[in-house]
Amino acid sequence: MRPAPPSTGFPFTAVVGMEDLQLALILATISPAIGGVLIRGEKGTAKSTAVRALTEILPPVDVVLGCRFSCDPAAPAADCPDGPHDAPEAVSRAARLVELPVGATEDRVLGSLHLEKALAEGITAYEPGLLAAAHRGLLYVDEVNLLHDHLVDVLLDAAAMGRATVERDGVSVTHPARFVLVGTMNPEEGELRPQLLDRFGLTVDVVASRDPAVRVEVMRARLSYEADPVAFVTRYDGPQRELAERIVKARDLLSEVILTDSALRQIAEICASFDVDGMRADLVTARTAVAHAAWSGRTVVEVEDVRAAAKLALPHRRRRNPFDAPGMDEDQLEQAIQNSTPPPQDPDDDPDGGGSTDPDTPPPTNGSDDSTESSNEPTDRADDSHDPGPDPPRNSADQNPADSNPAEQPGRPTPVGEVAGSSEPYKARLLSVQAAGEGVAGRRSRAITEVGRVVGDRPRVGRESGRPHLLATIRAAAPHQHARGRISGLVVRGSDVRLSVREGREGNLVLFCVDASGSMGTKKRMGEVKTAIVSLLLDAYQRRDKVGLVTFAGGEATVALPPTGSVEAAVRRLESLPTGGRTPLAEGLLQAAEVLRIAAIRDPRRRPLLVLVTDGRATHGDKAFARAKQAAGWLAQRGIATVVVDCEPRRGVRLGLAGELAGDLGAEYLDLGDVAAGNLVRAVTERKAA
């Protein structure tokens with residue numbers, strides 16, 4: 001038997017300038033109970049490279065020979081589907097990295113019934129999925145923030161229970177599924193669901209270094225590797241072996257590390273000072289501090305270990321609402337450490353008998369700050385529990401101003417370039433959509449998706465995976481049994497297999513086309529509009545919609561934000577939107593149409609909804625309103641569902657131009673003065689149900 005060829009993957013020790021990322025991955029492998037690592041960062045920052053290189057430095061794993069679920073020979077699982085394992089024969093294999101594709105089906109992740117064996121031989125044969133393959137290894141999800149909700153639910157269940165359970169299609173299987181979950185993501189493409197975010201023990205924000213010397217070193221290493229991978233990998237054999245040996249020693253030392261009562265108190269006070277929810281932050285920080293002490297060769301947790309653990313375990317647990325940016329204020333962390341009770345420096349002061357190895361030496365600082373996010377600007381926090389009540393707020397244009405600021409006067413137009421802020425958003429009420437399309441998985445509209453209730457069946461195309469429809473498959477095979485020379489059992493061919501058609505929920509693309517011209521009136525009125533849009537953005541975040549933002553003012557329309565899953569980015573762009581100038585309404589509609597055209601090419605299954613926020617006045621160019629009506633008619637011919645929100649003041653002479661434009665668009669017409677922010681949210685969701 002020939003030996004396996006040497007690995008030519010990029011070495012873990014050759015990754016440059018990502019010390020925090022490397023430390024987090026190492027600590028998670030030393031103590032899998034930490035709960036995995038989430039790596040956030042812009043594209044091109046070696047996130048995937050570092051994760052894939054990790055397996056080369058991990059110690060081999062002993063498994064039961066022939067067990068598809070990687071049982072430990074020293075303690076095989078009693079409920080292993082391939083068991084029982086009496087006197088099992090052990091075999092050693094390399095640590096396994098299993099990649100979960102974003103587009104994977106639930107059957108591929110959990111495993112499924114072997115349909116042809118079940119029908120032809122009457123055997124309930126279970127084919128293990130990716131969770132079984134990842135047991136006692138690493139499960140890697142690239143672009144984890146784009147993972148479909150039904151797969152997120154599967155991961156949450158497995159991460160919480162340490163096992164996977166399959167109960168469907170005549171299969172009832174439970175098997176161990178303990179793995180280190182590693183995910184990478186680009187925050188610009190959208191954030192994670194809070195439930196999954198909290199399941200990651202550690203998080204690291206990585207950015208490319210702005211130091212030219214570091215960037216040169218990165219380029220030199222990558223170019224050298226691409227020129228001769230074998231020679232490059234050979235050059236790092238020594239550092240790779242040293243790192244692998246250090247990980248093994250840390251694992252062996254882990255059970256001997258003492259977490260003193262004083263260290264526990266310090267961790268609790270730090271977590272309390274950051275106002276994190278629940279107790280998972282405290283537990284993860286404690287486990288990480290113990291792992292860091294073992295990694296450093298110590299048997300007692302010290303301040304340095306707590307500091308390193310808090311920097312990795314707390315940043316993603318500080319968000320109070322979906323629009324808060326994750327991050328760690330290191331000054332606040334240092335202040336919390338100073339205010340908390342330090343671990344005892346004298347063994348006689350500790351009832352457990354632990355202490356520092358050198359009480360006179362101050363704890364060293366952590367030198368791996370290059371990859372850690374610096375302190376963030378404080379963000380306004382919206383109270384998600386706020387309820388506007390059944391009655392809409394009063395229209396600010398109809399009330400007396402609350403102060404003497406002339407910019408706040410009801411009749412005063414918004415100065416050019418002035419920015420109006422939004423108020424606290426309202427909670428959106430979701431209404432079910434009657435019409436069902438074939439959209440992408442989400443939580444908004446009824447659609448044919450991969451999960452949900454069975455509403456029919458369809459033929460399988462090639463070796464396509466999916467949940468089989470057993471009854472339909474039997475019906476398809478039954479008429480051919482005589483021609484196929486059936487003797488016993490049911491003779492099933494691949495062409496007989498039928499897959500279930502399921503109805504679930506889809507996400508939508510909500511494109512806001514916002515009039516930011518001076519005709520929008522007062523600063524308070526524009527603030528109402530922004531509050532309404534932020535409310536819809538919050539609803540879109542919760543319902544997994546995509547959003548986009550087109551603005552028009554002065555002489556042009558601008559794509560302020562192309563369609564994206566990052567609702568946070570949309571809120572930031574909206575809050576900084578200035579107002580003033582003429583109204584290029586036709587240009588705004590045409591720009592919105594172009595955005596939707598491109599979006600349909602890139603994501604044809606996602607149905608759009610255009611929300612036009614304007615007073616209907618067109619003041620830019622010749623025959624401005626006539627051109628706007630012409631653009632509206634063209635949009636109506638394309639069948640784009642639209643809501644027009646009329647922002648014309650209720651007092652004084654009303655021209656009714658927005659209502660006329662709504663007729664040309666075939667759109668739902670809403671008056672901002674009547675519906676206000678809370679009712680605007682409900683009206684848009686009702687329009688999506690029409």
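Me: Why is Gly 137 called buried?

Reply: In this predicted model, Gly 137 has a relative accessible area of 11%. Buried means under 20%, so Gly 137 with its 11% is buried. Gly 137 belongs to strand β7, residues 137-142.

Me: What does Gly 137 touch, not counting residues up to four places away in sequence?

Reply: Gly 137 touches Arg 96, Arg 178, Phe 179 and Val 180. Arg 96 and Gly 137 are 41 residues apart in sequence, and their C-alpha atoms are 5.2 Å apart in space.

Me: Why is Leu 223 called exposed?

Reply: The relative accessible area of Leu 223 is 56%. The label exposed requires over 50%, so Leu 223 with its 56% is exposed. Leu 223 is in helix α8, residues 212-227. Together with Val 216 and Met 219, Leu 223 makes a nonpolar surface patch of about 290 Å².

Me: Which residues have the most contacts inside the largest nonpolar core?

Reply: They are Leu 25 and Ile 270, in a core of 68 residues. Helix α12, residues 280-295, gives the most to this core, with nine residues. Apart from this core lies another, of 39 residues, including Cys 67, Leu 110, Leu 130 and Leu 197.

Me: What is Leu 25 in contact with, leaving aside neighbours within four places in sequence?

Reply: Leu 25 is in contact with Phe 12, Val 37, Ile 39, Ala 50, Val 51, Leu 54 and Val 182.

Methods: Residues are numbered from 1 along each chain as its sequence is written. This is a predicted model: local features need pLDDT of at least 70, side-chain atom pairs count only at pLDDT 80 or more; totals for chains, interfaces and linings use all residues. Side-chain values use heavy atoms; hydrogens and water are left out. A nonpolar core is a set of buried Ala, Val, Leu, Ile, Met, Phe, Trp, Tyr and Cys residues joined through side-chain atoms within 4.5 Å. Buried means under 20% relative accessible area, exposed over 50%, partly exposed in between (1.4 Å probe, protein chains only). Helices (H or I, at least four residues) and strands (E, at least two) are DSSP runs, numbered from the N terminus. Contact means heavy atoms within 4.5 Å. Patches are made of residues with over 30% relative accessible area and no salt bridge: like charges are joined within 9 Å, nonpolar side chains (Val, Leu, Ile, Met, Phe, Trp, Tyr) within 5 Å. Accessible areas come from the Shrake-Rupley method with a 1.4 Å probe; for residues, only the protein chains shown count as cover. A salt bridge is a side-chain nitrogen of Lys or Arg within 4 Å of a carboxyl oxygen of Asp or Glu.
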